[in-house]
Amino acid sequence: MNRALRPLVATCLIFVLAYAAAALQYPALLSSRVLGDLLTDNAFLGITAVGMTFVILSGGIDLSVGAVIGFSGVLAAVLITSVGLHPLVAFAVTLAVAAAFGAAMGCVIHYLQVPSFIVTLAGMFLARGAASILTQDSIPISHPFYHDVSTLFLKLPGGGRITAIGALMLMVFALGTLLAHRTRFGANVYAIGGNATSASLMGVPIGQTTILIYTLSSFLAGLGGIVFSLYTSAGYPLAAVGVELDVICAVVIGGTLLAGGYGFVVGTFIGVMLQGLVQVYIIFDGTLSSWWTKIVIGFLLFLFILMQRFVFSATALRRTE
Amino acid sequence: MTTLSRIVSRLRPALSVQLGALVLVLLGNWVLFPGFFDLSVQDGRLFGSLIDVANRGAPVAILAIGMTLVIATRGVDLSVGAVMAVSGAIAATLVEAGYPAGVAVPLALVAGVACGAWNGFLISVLEMQPIVATLVLMVAGRGVAQLITNGSIVTFDDPWLTFLGNGTVLGLPMAPILLVLLALATILLVRRTALGLFIEAVGVNPSAARFAGLRSKLVVMIVYSFAGFCAGLAGLLVAADIQGADANNAGLWLELDAILAVVIGGTSLMGGRFSVVLSIIGAMIIQATNTGILVSGLPPEFNLIVKAAVILAILVLQSPLAAGLLRQRPGSRP
């Protein structure tokens with residue numbers, strides 16, 4: 001078997017085994033209702049994780065996504081309730097603002113040549129602060145459009161439903177996969193993550209690609225924020241605090257190498273579902289406290305980083321020699 | 001003597017920038033709140049806004065001491081906030097279970113060192129990137145802390161443990177005293193022994209340091225263990241301050257403040273030269289700004305925007321772009 005595919009296969013295997021083990025204990029987990037809810041509950045996480053996959057593939061990190069989710073949820077809520085825009089117009093404005101924010105971070109990272117984590121840390125403070133200045137409280141959204149969207153779903157056999165936001169996440173994953181593996185932009189991202197110097201010598205436009213990567217990440221985080229506002233029917237400045245960690249975990253558990261240059265968008269999807277499964281299992285069990293989620297996720301994270309270490313140790317050795 | 005004067009002359013321009021910034025922020029506070037520099041003695045302890053800044057800034061400053069050494073080795077420790085929660089949880093739970101503070105406090109510190117050593121093991125032996133290795137504990141650490149406290153906030157009224165947070169010696173609160181003691185011990189350790197040189201060597205070029213016969217792995221291990229110790233101590237102070245261990249919120253996002261303090265202190269994220277004193281001043285600048293924003297009546301969230309602006313300003317100043325512009329100035333050396 002191609003050794004490059006091993007982490008992805010391992011992720012899938014762990015998900016299937018974990019799901020089978022959980023389903024043996026609670027057969028109800030197999031119902032299409034649970035599957036549908038898994039998609040709906042993790043929609044905002046999954047959409048954001050697609051953007052993060054590109055960032056990590058390029059060897060960077062984006063700590064601002066949680067704050068951008070909070071900010072765009074609040075901005076959409078303010079535009080709809082206070083300004084009186086139609087939700088679709090408000091969404092377009094919100095997405096444009098989020099994308100511009102990401103582009104600005106990309107510019108700082110590229111032109112000032114500073115590590116992405118410190119720039120996006122500043123971005124996190126900025127977005128969270130801006131959200132809190134827009135409003136301190138949770139703004140409920142009661143526009144008829146929100147009601148329409150929540151009644152929009154596809155019935156699955158067995159009573160489950162794929163909601164609009166669940167379907168949107170699947171679509172973003174499909175588009176993300178195409179973007180990563182079938183476009184020049186995707187190839188450039190992999191090239192930069194593999195080795196930025198070689199990529200630049202090969203003629204990859206480093207600046208343009210870097211800026212686009214962070215624009216995409218913030219754009220998708222903005223979309224995640226809108227989905228989160230659809231999910232909760234509200235905009236709250238402190239929404240999604242710490243979600244950047246969940247998103248990074250999902251990407252890493254999905255088999256993407258944190259050093260960049262290797263990974264699959266599909267893997268991230270499995271990573272998100274695996275995290276969702278842990279939460280669902282804890283809810284089904286009922287006696288375990290929710291803090292076990294953190295320990296299990298932390299353990300999985302460790303396991304995957306360790307595995308990457310051994311799978312790639314041969315390549316890494318060759319690279320340093 | 002010549003080396004000492006060289007060190008002083010090397011530090012002085014940098015020192016003046018950060019000290020100047022701190023004085024500026026403090027003066028700003030004084031303009032907003034004329035009683036800012038007032039000190040008074042009540043019930044045998046000093047009171048005043050300055051003491052308050054030192055007291056509240058101490059946990060971040062203690063974290064920043066450990067973080068400075070970590071960043072000097074070209075690493076970063078994201079787990080310190082979670083380690084604070086773990087050490088606070090251990091101390092509170094042990095004291096509540098009837099153990100004396102003399103047992104609980106050392107054990108909590110040992111737990112901090114153990115967490116740091118785990119990070120060091122992942123980074124030096126398994127050769128993981130620091131940001132990834134410490135992310136594991138950042139995620140799992142809070143879960144472990146909640147496991148220890150059983151998901152609730154454990155409160156305690158042990159007089160000795162409480163003394164750490166609220167006690168005074170010679171009228172001064174404990175937290176700044178511990179900070180000064182730790183800072184002095186650290187500076188002696190890194191400047192009076194070769195350890196500081198080793199840390200800088202590992203940060204500048206790990207391969208070169210190894211070829212020069214330096215045991216880089218041991219240095220990295222020691223540095224992360226020390227950062228864990230600092231986080232353990234900071235966790236004790238925070239828990240003692242509120243007489244309770246809150247696994248969810250103790251030390252939340254403080255790792256970011258600690259990194260910010262080190263960056264304000266002028267230590268480069270690319271490793272190498274570092275200054276413990278400047279990082280502590282950086283932590284105090286952050287706390288003084290916090291206090292200023294609270295005093296001025298602006299919403300506390302405004303603080304986040306100020307922090308972001310400060311980070312950006314420093315990044316611009318440190319960037320190669322700015323260095324190039326400065327070099328092109330007429331009259332300066334090429």
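This is a predicted model: local features need pLDDT of at least 70, side-chain atom pairs count only at pLDDT 80 or more; totals for chains, interfaces and linings use all residues.
**Where the chains meet**

I started with the interface. I found 32 residues of chain B in contact with 37 residues of chain A. Next I asked which elements of chain B give two or more residues to that side. The list came back as helix 5 (130–149), helix 11 (254–264), helix 13 (302–318) and helix 14 (320–327) of chain B. Helix 5 of chain B gives the most, with 11 residues. I then sorted the chain B side by class and got 24 nonpolar, five polar and three charged residues.

**Chain A, helix 2 on helix 13**

I looked up how helix 2 (residues 32–41) of chain A meets helix 13 (residues 265–285) of chain A, and their axes come within 10 Å and cross at roughly 115°. The crossing is right-handed. From helix 2 of chain A, the contact uses A:Val34, A:Leu38 and A:Asp41, and helix 13 of chain A answers with A:Met273, A:Gly276 and A:Val280. My tally by class is four nonpolar, one polar and one charged.

**Chain A, helix 3**

Helix 3 of chain A runs over residues 43–57. Its 15 residues reach 21 Å from first C-alpha to last, close to the 21 Å expected. I checked for a bend anyway, and there is one of about 25° at A:Val50. How many of the residues of helix 3 of chain A are buried? I counted 15 of 15, so I wrote the helix down as mostly covered, given that 20 or more other C-beta atoms within 10 Å make a residue buried. Just after this helix, A:Gly59 takes a positive phi of about 90°.

**Chain A, helix 5 on helix 6**

Helix 5 (residues 87–111) and helix 6 (residues 116–134) of chain A pack at about 145°, with their axes 9 Å apart. I noted another right-handed crossing here. Helix 5 of chain A brings A:Phe101, A:Met105, A:Val108 and A:Ile109 to the contact, while A:Ser116, A:Val119, A:Thr120, A:Gly123 and A:Ala127 come from helix 6 of chain A. By class I have six nonpolar, three polar and no charged residues.

The loop between these two helices holds A:Gln113. This residue is not a glycine, but its phi is positive, about 50°. Is A:Gln113 buried or exposed? I called it exposed because it has 12 other C-beta atoms within 10 Å, and 12 or fewer is the cut-off.

**Chain B, positive phi again**

I went looking in chain B too. B:Arg74 has a positive phi of about 65°, and it is not a glycine either. It sits in the loop between helix 2 (49–72) and helix 3 (80–96) of chain B. I have B:Arg74 down as partly exposed because it has 18 C-beta neighbours inside 10 Å.

Helix 4 of chain B (residues 101–125) has 25 residues and reaches 35 Å, close to the expected 36 Å. Just after helix 4 of chain B, B:Glu127 shows a positive phi of about 55°.

**Chain B, Leu164**

My last stop was B:Leu164, in helix 6 (residues 159–166) of chain B. Why do I list it as buried? Because B:Leu164 has 21 other C-beta atoms within 10 Å, and the cut-off is 20 or more. Beyond its neighbours within four places in sequence, I found B:Leu164 in contact with B:Met174, B:Leu236, B:Leu237 and B:Ala240. I also checked B:Pro59, 105 residues away along the chain, and its C-alpha is 12 Å from that of B:Leu164.

Note on methods: Residues are numbered from 1 along each chain as its sequence is written. Chains are lettered from A and ligands numbered from 1 in the order in which they are written. Two residues are in contact if their C-beta atoms, placed from the backbone, lie within 7 Å. Helices (H or I, at least four residues) and strands (E, at least two) are DSSP runs, numbered from the N terminus. Ala, Val, Leu, Ile, Met, Phe, Trp, Tyr, Cys and Pro count as nonpolar, Asp, Glu, Lys and Arg as charged, and the others, Gly among them, as polar. Axes are lines fitted to C-alpha atoms, for helices over the stretch in contact, and angles run from 0 to 180 degrees between N-to-C directions. A crossing is left-handed if the near helix is turned anticlockwise from the far one by less than a right angle, and right-handed if clockwise. The expected span of a helix is 1.5 Å times one less than its number of residues. The bend at a residue is the angle between axes fitted to the seven residues ending there and the seven starting there.
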